[in-house]
Structure formats: C-alpha cells, structure tokens
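Work through the two exercises below with the sequence and the model at hand. Each task is followed by its solution in steps.

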Amino acid sequence: MKLAVVFLFPISYFLFPIKISYAQTAPSLGGVAINIAINDTDANEGDIISTTEDGFGKSRKEYDPLVYGVIVNNPILSIGPKSDSTKSVLSSGEAQVRVSAKNGEIKQGDFITTSSESGVGQKATKAGYVIGRAIKGYSDSNPGLTLASI
C-alpha cells in the first residue's frame with residue numbers, strides 16, 4: 001500500500017498539476033472619470049465640481065444640489081477627449097477630496113457636502129446633497145485633501 005502511494009503520487013502530480021494564477025488587482029483609489037471643460041482655471045485635484053449657468057466650475061454654495069464630482073489626476077479610466085482645457089472629473093469611486101473642518105471635525109464615515117468656500121467640502125451636519133463619505137478623517141480648519149468614497 002505504501003509503495004502504491006509513493007508511486008502514484010508523483011504520477012498524479014504530472015497528470016493533474018496544480019496551476020497557480022496571478023491576476024492583477026485594480027488600484028483601490030480611483031474610478032471612471034469623464035474629461036470635461038472646467039470654467040475655473042485654478043481648479044486642481046480634489047476640488048469639488050458643480051454644474052453652473054456657464055458650464056462646470058468649482059462648487060460655491062453649501063449643500064449644492066448641482067454637485068457633479070471631484071477632479072482627479074489619475075483615474076483608472078478616463079472617458080472623452082483629453083485636452084489642456086479639460087479635467088478628469090470622478091462622480092463615482094474613491095478620490096482625494098479637498099475639505100476643511102470649519103463645520104466640525106470630519107471623522108471616518110461622515111458625509112461630506114459642498115461649502116461656501118470655492119471647491120472645498122465640509123462635514124454635512126444636516127439633511128441635503130452630499131458628495132460622498134469620508135474614508136479618512138480630517139481635523140484642520142484650513143483646506144486639505146482627505147480620502148473619500150464618492
């Protein structure tokens with residue numbers, strides 16, 4: 001019996017080899033972005049974008065119902081023609097969002113909404129439109145970037 005196991009095991013190894021597959025994984029940060037023309041020339045990564053009468057621009061009012069997305073530099077996939085006048089705007093996925101803690105410290109899981117400060121988000125403290133949820137907290141009253149799920 002021992003001899004059969006010793007003899008059959010190496011044969012079965014060649015007949016039924018174990019195959020290991022190494023697949024690529026998608027980066028956790030990013031998503032599908034759309035290249036759109038932004039009216040604000042000083043718009044940068046993390047700025048919150050809303051639709052305006054003149055097209056797309058940085059959001060400028062609290063709980064903006066016309067909020068569209070967040071500017072990202074390196075989306076996983078970018079749709080539409082890219083030019084000097086367009087920016088990649090993510091409306092679903094994970095991105096760095098420019099926020100401030102002027103409406104209270106942002107903790108993980110808090111909703112982020114637009115603020116009266118151009119392109120900057122804040123902690124949502126009442127019902128209204130939001131851009132996403134904080135994945136990482138933020139406590140500085142000066143604007144900075146934090147990771148959020150859009």
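A polar contact is a pair of N or O atoms within 3.5 Å; within protein, one must be able to donate a hydrogen and the other to accept it, and residues adjacent in sequence count only if both atoms are side-chain atoms. The model is predicted, so local features need pLDDT of at least 70 and side-chain atom pairs pLDDT 80 or more, while totals for chains, interfaces and linings use all residues. Residues are numbered from 1 along each chain as its sequence is written, and side-chain values use heavy atoms, without hydrogens and water.

**Exercise 1.** Place D40 in the chain and describe its surroundings.

Step 1. D40 sits in the loop that links β1 (30-37) to β2 (48-52); strands are DSSP runs of E, at least two residues, and helices runs of H or I, at least four, numbered from the N terminus.

Step 2. Its relative accessible area is 14%, so D40 is buried (under 20%; exposed is over 50%, partly exposed in between; 1.4 Å probe, protein chains only).

Step 3. Leaving out residues up to four places away in sequence, D40 touches G57, K58 and R60 (contact: heavy atoms within 4.5 Å).

Step 4. A polar atom of the D40 side chain lies 2.6 Å from the backbone nitrogen of K58.

**Exercise 2.** Locate Y63 and characterise its backbone and accessibility.

Step 1. Y63 belongs to the loop between β3 (55-58) and β4 (67-72).

Step 2. Phi of Y63 is near 50 degrees, a positive value in a residue other than glycine.

Step 3. Y63 counts as buried because its relative accessibility is 10%.
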